[in-house]
Amino acid sequence: MDPEKLTAFDTRRFPVRPHVGVGVLLIRNKKLLLVKRKYNPDAGYWSIPGGHLDLGERVRKAAEREAYEETGFKVKATKLAGIIDKIMYDEEGNIEYHYVLLNYFVEQIEGDENQEPIADDDALDARFVPFNELKSYNLTTSLVELLKQLKIGYQ
């Protein structure tokens, strides 16, 4: 569905309850897979692949689905990496977005280990970024919080 048409019934912005999101950390040779977000919240910022949990969908399967939709990588969720509260306010102090983000470490299960990601779905770009270069990217605050918890690139 066209993202512009979603806004007519979209409950993500100015929600009445928190939403559940999933994210994946695919690490290869001390590099983290990042995507540049196409839509809000955080359009134009870099983050890990992820998205919304669908009704009736299991969290790990949602993470695996989102990784494939955004980068073309088939992955398997192996371990919970962390849970992040993402709460964003507008200029008047109203809650504009509220997510509980469940993030998983994943392993690539198909394809070449040297395969490059292909930005698709709601990602503008996708690439592996060396840990020591993460600070030079315009990362989402929720990703920075997760990386600090995991001591990746922010020790």
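Let me start with the sheet: three strands make it up, in the order β3-β2-β7, and it is open, with antiparallel pairing. The edges are β3, residues 46-47, and β7, residues 123-130, each of which pairs on one side only. Before going further, please keep in mind that this is a predicted model.

Now the two pairings inside that sheet. Strand β2, residues 31-37, runs antiparallel to β3, and two bridges join them. Between β2 and β7 there are seven bridges, again in the antiparallel sense.

Which residue is the bridge partner of Val35 in β3? That is Ser47. Towards β7, Val35 stands opposite Ala126.

Val35 also takes us to the cavity. With a threshold of 30 Å³ or more, the count is one cavity. The space in the largest cavity is about 30 Å³. Its lining consists of Val35, Arg37, Ile48, Pro49, Gly50, Glu70, Asp122 and Ala123. So much for the names; how many of the lining residues are nonpolar, polar and charged? Four are nonpolar, one is polar and three are charged.

Next, the hairpin. Strand β5 covers residues 75-89 and strand β6 covers residues 95-108, and they pair over 13 bridges in the antiparallel sense. As one example of a partner pair, Lys76 is bridged to Glu107 in β6. Five residues lie between the strands of this hairpin, and Gly93 has a positive phi near 90°.

Last item: Glu57. Where does Glu57 sit? It is in the loop between β4, residues 50-52, and α2, residues 59-71. Its side chain has two contacts I want to show. One goes to the backbone nitrogen of Asp54, at 2.9 Å. The other is a polar contact with the side chain of Arg65, at 2.7 Å. If we leave out residues up to four places away in sequence, Glu57 touches His52, Ala62 and Arg65.

The hairpin is β5 with β6, and Glu57 is in the loop between β4 and α2. That is what I have; I will take questions.

Definitions and conventions: Residues are numbered from 1 along each chain as its sequence is written. This is a predicted model: local features need pLDDT of at least 70, side-chain atom pairs count only at pLDDT 80 or more; totals for chains, interfaces and linings use all residues. Side-chain values use heavy atoms; hydrogens and water are left out. Two strands pair if DSSP finds at least two bridges between them. Helices (H or I, at least four residues) and strands (E, at least two) are DSSP runs, numbered from the N terminus. On a 1 Å grid over the protein atoms alone, a cavity is a set of points where a 1.4 Å probe fits but cannot get out, and a pocket is an open set with protein on both sides within 12 Å along at least five of seven lines; lining residues have an atom within 4 Å of a point. Grid points are joined across faces, edges and corners, and a volume is the space filled by probe spheres set on the points. Ala, Val, Leu, Ile, Met, Phe, Trp, Tyr, Cys and Pro count as nonpolar, Asp, Glu, Lys and Arg as charged, and the others, Gly among them, as polar. A polar contact is a pair of N or O atoms within 3.5 Å; within protein, one must be able to donate a hydrogen and the other to accept it, and residues adjacent in sequence count only if both atoms are side-chain atoms. Contact means heavy atoms within 4.5 Å.
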